[in-house]
Amino acid sequence: MSTHDLGLSGDEVKALDRAHVFHSWSAQATLDPMAIERGEGSYVWDYDGNRYLDFGSQLVNVNIGHQHPKLVAAIQDQAARMCTIAPAVANDVRSEAARRISDVAPEKLTKVFFTNGGAEANEYAIRLAKGHTGRPKILTTYRSYHGATTGAIGLTGEPRRWANEPVTHGTVHFWGPYPYRSQFHSDSPEQETERALQHLRDVVMVEGPQTIAAIMLETVVGTNGVLVPPPGYLAGVREICDEHGIVMIADEVMSGFGRCGQWFAIDAWDVAPDLISFAKGVNSGYVPLGGVVIHEDIAASYDEKPFPGGLTYSGHPLACASAVASMRIFEEEEILGHVRRMAQDVYEPRLRELADRHPSVGDVRGIGAFWALELVRDRDTREPLVPFNATGADAAPMAQFAAACKQRGLLPFTHFNRTHVVPPCTTTRDEALEGIAILDEALKVADEHY
Ligand code: PLP
C-alpha cells in the first residue's frame, strides 16, 4: 500500500510513532495519532490513500495551503545556495524577509527579531518590553494561549498553564471581551467594550501602572474561541497603554499573515501596537519561523546597550527564503482579497445557515478565514455541549462530532465545545462548501445531545 520513501505502511508508521515519538499535550499511552503521508492545497492524504479536507490548516498555520509548488521551489533553491548561517552576519534573504515584514506592519514598526516559532516570539516580545520600560510586569488575558515555553505558558491564560505552575513571576491576567459569554453581563458589543476597558483600567490601577511593562493580547483570540474584539476595544487598550507608558503587544501568531484577510489582523481595526509577535502563517510553517516586529523607539533602546538575547537559528535562511516567497505568492495570487471575499460570500452566510438548521450551534463568529461554531446543549442557558476543560467521557459528544467529520473526509479543529473553521487562506469556494456540507451532516451528532 505504501508510497512512502521509507516503504512503511500507515500501520507501521503508527507503530514506530507509538514506540519512539513523545507527543505534545497528550497522555502518551492513549494516543492514536492519524498517519498523514502527503498534502496538496486544502487536502491531506493518509497512507491508505484516503483524502481529507484540512479545515484546521493543521494547527492554523498552513495559510497558503499544502505544498504550494512555488514555496517548495523557493526552499529548494535556497537549500542549494546556503542552508544555514550564524545570526550575527547579514544575509540577503534574512534582510529581505525583515524588510517585507516591516513594510506591511504599522508605521514605525521597522525592525524584526526572528525566532523559530510563536512561543519564542512572545518570550522575546516581553523581554523587549521589560528592557525598554525597566518595569517588571506583563498583563495578559484569561482565555489566551501564548505558547508552551516556560515564559510563554505563564503568559497563557487558559488551563494548559495549570500543570506548568508555578510559572515565572510577574504575569497578571485580566478578562478580555467575549460578548457571547460576557464576564461583565453586557447586553451588547458596545457595552462589552466599555465594561472590558473599565475592568482593564481597574486592573492597571490596582497593579500600579508604573510596574507594568506591557499589555499583551491576541488581536483575535484564537485557540480559546475565535473571539473577535468588539468595536473600539483595541483602540481603548491602545489609549490605556499610551496613558501609562505601557507597551502594547499584539500576539498575531495565529491571527496574522492572511488569516483575518489582512497582513496583520490589527489592520482591520486600524490600531498600531508597539510590538507584534508572529509565526505560523508567515511562511505556513514549511520551515519553522516566528518573530517580533519592533517599534523604532523600542529598538532604539538597544542602540547603545546590547540586547540581552539570541538564538542560533534566528533568521534561518531556509525559513526566511520561504517567508519572502510566501509573501510574494500572497501578493501575486491576491490571497488577502480572496480571504475577505470568502468571509463575506461563503463563511459568514453559510455558517449562519448551519446555525439556522442545527439547534446545537449556539454562536457563530469570526473574520476572514477564522471562524468558530460554539456548540451548546441549550440555546437559552448557553450550556456548553461539553463542560469547559472536559476530558474523557465528559468530552465524548465533541469526540463523536469530530469522528463524524473525519468519516466524511474532513479534519476539523475542535477545542472544548467549539469547532473552528480555519481552512487554508487559499481554500476555494467549492472546497469550503464541501467542508461546510460535511459539518452540516456531522452536526446532527451534536444535535442529538441538545
Ligand atoms: N500565540 C498564539 C496566539 C498561538 O496560537 C500559538 C500557537 O498556537 C502560539 C503563540 C505558540 O506558537 P508556537 O506553537 O509556534 O510556539
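**Notebook: a walk through a predicted model**

I started with helix α4 (residues 92–104), which lies across β4 and β10 (290–295) and runs at about 130 degrees to β4. I kept in mind that this is a predicted model.

Next I looked up the sheet. It is an open one of 7 strands with mixed pairing, and I wrote down its order as β4-β10-β9-β8-β7-β5-β6. From one strand to the next, I noted an average twist of 20 degrees.

Strand β8 (residues 247–251) pairs with strand β9 (residues 275–278) in the parallel sense, over 3 bridges. I found isoleucine 249 opposite leucine 275 in β9. A reminder to myself: strands of a sheet pair through backbone hydrogen bonds, either parallel or antiparallel.

On to the ligand. Which of the 16 residues around it come nearest? I listed Gly117, Gly118, Ala119, Gly147 and Val253. Helix α5 (residues 118–133) gives the largest share of this shell, 3 residues. By type, the shell has 6 nonpolar, 8 polar and 2 charged residues.

Last, the domains. The protein is divided into domain 1 (10–67 + 334–448) and domain 2 (70–333), and their C-alpha centres lie 25 Å apart. Each domain puts 28 residues into the contact. On the side of domain 1 that touches domain 2, α11 provides the largest share, 5 residues. I counted 13 nonpolar, 8 polar and 7 charged residues on that side.

Technical notes. Residues numbered from 1 in each chain as written. Predicted model: local features only at pLDDT ≥ 70, side-chain atom pairs only at ≥ 80, totals over all residues. Near = placed C-beta within 6 Å. Helix = DSSP H or I, 4+ residues; strand = E, 2+ residues; numbered from the N terminus. Nonpolar A, V, L, I, M, F, W, Y, C, P; charged D, E, K, R; others polar. Pairing = 2+ DSSP bridges. Axes fitted to C-alpha atoms, helices over the stretch in contact; angles between N-to-C directions. Contact = placed C-beta atoms within 7 Å. Domains from an automatic or database assignment.
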